[in-house]
Amino acid sequence: MTTTRAQIAAMGLAVTPPAGWEAAIYRRRAEGGALTYPVLHAATIALPPGRGDYGSGLVELLGPNDLFVALLEFGAVAAGSPLFAGLTAVPGLTPDAYRPQQLQRTIQGQAGVQRFFTSAGRSFCLYSVIGTLTNRVALTARANQILGSVRVTAGVEAGT
Amino acid sequence: MPVTALIVGLTAAVALLGVLVAGLLRSNAEVIRALHQMGVNLGPDAPGSRPTAVALAGRPTGGPDARPTPGRPDAGDVIDLAGVTPQGDAVSLAVSGVRHDTLAGFLTSGCQTCRGFWDAFRDGPPDVPGGARLVVVTRGPEAESPGTIAALGGPAGGAVPVVMSSEAWEHYDIPYAPYFIYISGAASRVVGEGVAAGWQEVRDLVADAVADGTTGAGQEDPVDDAGTAGAGTPATAGAVPPGPVVSAGPVPPGRRRSRADRARDTAVDLALQEVGIGPGDPRLHHGARQPLKPDAGAGAGADDR
């Protein structure tokens, strides 16, 4: 079997999904004068249409060997804030970082993690969910595998 | 005399026009015959065009039933469907090493036959036999207008994902549009491909392939880069799902197994039940290496290797 891995890139973000991963980089259409920023989604299951930025509509489908990773940009203004300034690159994760209490919405058995960081002058929230806390060691390794392929470049304006 | 000349002239003109019309009719008949051989029936009252001989089922390359298009030397040479959406988002949809199968429909904005597929996909998610995920693949933005594709595909995030990727067209060696490829996610290989005039015909071909078991799903477990097994491998010995004792592999919900597989499952279930093993028995799962004997007590033979 020959499998070629392809990088996808848009809006100053790039990722190379490993085998069995799906990924998307998108920005919602701005409505009512609001600003919108790029979002990167990656998961070991098929990305369903209509999912939320924090994975609603997707995390409910995660199996015990599945996980979800999201990078959500918050804009250049936030990049200087203490919350985002502490980390200056896409962070790696450790198994103990995943906690059930970190989930946006509690789902039995699942665990999540949230990190804030700045890269290339852009501020991001990293949010990840694993299908089961008991598999956190193996799943964290997989999360780091795709996080290691993420590239951020400067100079992307918010959508209006 | 002038009247005679006029009549002769008109007769000659009518004869000339008749020759031209005959030529056009002949040319039209040849075109229709060629399209008909490809499975396209343009008749308004056609009961449904026949699929081509390129049925949606796995075929050995090079055999008498081999795909009559530029060769596919390695059915396992698959790539994820990576490209952009008509809205400009970047996307990579996994087709190998995953639990789900993928039915990739390669369409263009210009071909008349493709219009029927666009119309069928725009209003709602079509029912794909076996639960395969339907993805529309067009050529990239350098060859297709994203705005036109967006209009054909419907609203963003609609029922059927659309990926614009010329690389996918070239890698999968798509001979013409419309063209469909069925990729087994578990086997990570192309298990069927072909073309038909309408969605119902494609759907029927997929249904036949699924019923015959030629889609190949369930034969292998997808394994990720980290080496962990995917579906079909119990996460823990204690996670025992209800249902049949034996399953040949990950069969997605709603998937119809072939008759031979069902008969084989039933025979194995009966054999296991005769020795006292029923649904949920821990001896059926990894980590419980006990002899398959009805009187095997707990803890007897921790590892029989």
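Contact here means heavy atoms within 4.5 Å. The model is predicted, so that local features need pLDDT of at least 70 and side-chain atom pairs count only at pLDDT 80 or more, while totals for chains, interfaces and linings use all residues. Residues are numbered from 1 along each chain as its sequence is written, chains are lettered from A and ligands numbered from 1 in the order in which they are written, and side-chain values use heavy atoms, without hydrogens and water.

**Stop 1: A:Thr44**

Select A:Thr44, in the loop between strand E5 (39-43) and strand E6 (67-73) of chain A; strands are DSSP runs of E with at least two residues, helices runs of H or I with at least four, numbered from the N terminus. At 9% relative accessibility, A:Thr44 counts as buried (under 20% relative accessible area; exposed is over 50%, partly exposed in between; 1.4 Å probe, protein chains only). Beyond four places in sequence, the contacts of A:Thr44 include A:Trp21, A:Asn65 and A:Arg142. Next, display the side chain of A:Asp66, which makes a polar contact of 2.9 Å with that of A:Thr44 (a pair of N or O atoms within 3.5 Å; within protein, one able to donate a hydrogen and the other to accept it, with residues adjacent in sequence counting only if both atoms are side-chain atoms).

**Stop 2: helix H3 of chain B**

Move to residues 146-153 of chain B, where B:Ile149, B:Leu152 and B:Gly153 are buried. The buried residues of H3(B) pack against helix H2 (112-122), strand E5 (133-138) and strand E6 (162-164) of chain B. Select B:Gly154 after H3(B): its phi is positive, near 90°.

**Stop 3: H2(B) against H3(B)**

Show B:Arg115, B:Trp118 and B:Arg122 in H2(B), which meet B:Ile149, B:Ala151, B:Leu152 and B:Gly153 in H3(B).
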